[in-house]
Amino acid sequence: MGSSTTSTWKKYLFKGVLYLSRMQNQRSCLAFLVVFTITLCLVLHWQMSQNFLEDEYFVDAVKCPACYGTSACQRFRRNEYQLHSYSQFRMFDLVNHKNVHYGAHMEVRSVVFKKLASNSELREFDDKVCAQAKMHRGCDVSSAIFKSNFGQVIYSHQLERSHIAETNDLVRCPSQRLLDRIYEMYPERQSDGFLSRHNKIQLITTLALNPEPIMLQIFPQSEGWPFPQYLGACGRFVIEERVGTPLYSFLDATWQTRLSLAHQVLKIADKFTDNDLGYALYPTDITFDNLAVSEEEEVFFIDAENIVVVDREQIRLDGALGWEARVEALAFECEENQYCLSFSPDDLYDLCNHYFSDHNYYAFVHGLFGKQNPSYQNGLLHSIPHDVPDGDRLQRLLNECLHPSVAEGRYDAFPELLGLVGRLDGYYQGGAGVKQQEF
């Protein structure tokens, strides 16, 4: 009897201890959650109250002149620019692989801050600079870059081919006229307009890492080019105008809206191919993500990193054998009905050495109007209404630009397509029944 009572007592004692232990664990978990939540709120509140753009280590201004420029640094320090949304919180930098941040100027104008490269790409560049300067990995690149190959530019009063060595698509086909334009229009310079040693290093650093800011500078929006406005740089941050909504957001818009946007896209392709400056701009990456639409429904090309610039005027003046031959774009190593803009070395040679190329006629229609893009199965002009004047002809011209039925077919089909879409746009903008005789 005594043994049974003792056993029962032990059992209840064990249950009591277990219960108290669980209560203690629950209290500990609850206390941890409370402390963690309070700490997280304090950290987030602190980060929202900070303007990290004032931090020269955050924007990598300490690495200048191995940077993009310093024209905006004073504005950063005066707190004229602010980060918005998730860009305020540093924890999101872990997943922000493209290093793109959003913000505003004086809380009014929306802007984009870009580091123009991933963290690994920036580290690779710094390691290259240190290695060329025969210094240890992790060296001070702000001084090492003068001893590297990039430092050769400081001894010249112009940009030369030896300075750039085909570092990217912008200078893949370099003419001296193009290099002079880059050098002369580079805005990150002293107040007297002189390009100092540091300015030259900043220019060559930008070309080496990502030529997008240079594209925005030498083909500026103020001269009618469909690029965002370049607003300055501080350290390894550049500031660009934030244009608006990505083009893919309009794939389900009304036919009239899509027609208007399509007209603008085709005009961009035409301007990139033939313009008064005598340069052809051949994008090697055309997707709906690379174009955006402003509040005024104006289309802009917002990713200018991968654009081959060809000096057509220089090609004409050189008059090399076969310079007038018409080059046709072909899908290199692309499966049938697959969205692809790969290039062989021969393709790049043809772009660099021929006055005429239908590359843009193919690339823009293929990337934005065709059905080959796996991310966006419907092109911009999908579902043509049955009552559209010359709707059958419109579809035929789109197909001809995608898959020409005759040699050099795009050279005739694209201008005809541009003209037809322009007339249709005017027709719908003017209201149904207006000027239908034009078709």
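## Disulfides

Cys-130 is buried, with a relative accessible area of 1%; buried means under 20% relative accessible area, exposed over 50% and partly exposed in between, with a 1.4 Å probe and protein chains only. Cys-139 has 9% relative accessibility, so this residue counts as buried too. Cys-130 and Cys-139 form a disulfide with their sulfur atoms 2.0 Å apart; a disulfide is a pair of cysteine sulfur atoms within 2.5 Å. The link of Cys-130 and Cys-139 is left-handed, with -95° about the S-S bond.

The model is predicted: local features need pLDDT of at least 70, side-chain atom pairs count only at pLDDT 80 or more, and totals for chains, interfaces and linings use all residues. Residues are numbered from 1 along each chain as its sequence is written, and side-chain values use heavy atoms, with hydrogens and water left out.

## Other cysteine pairs

The whole structure has 4 disulfides. Another of them joins Cys-73 to Cys-234, with sulfur atoms 2.2 Å apart. The torsion about this S-S bond is about 100°, so the disulfide is right-handed. Both Cys-73 and Cys-234 are buried.

Cys-173 is joined to Cys-352 by a disulfide, S to S 1.8 Å. This link of Cys-173 and Cys-352 is left-handed, with -50° about the S-S bond. Cys-173 counts as buried at 9% relative accessibility, and Cys-352 counts as buried at 18%.
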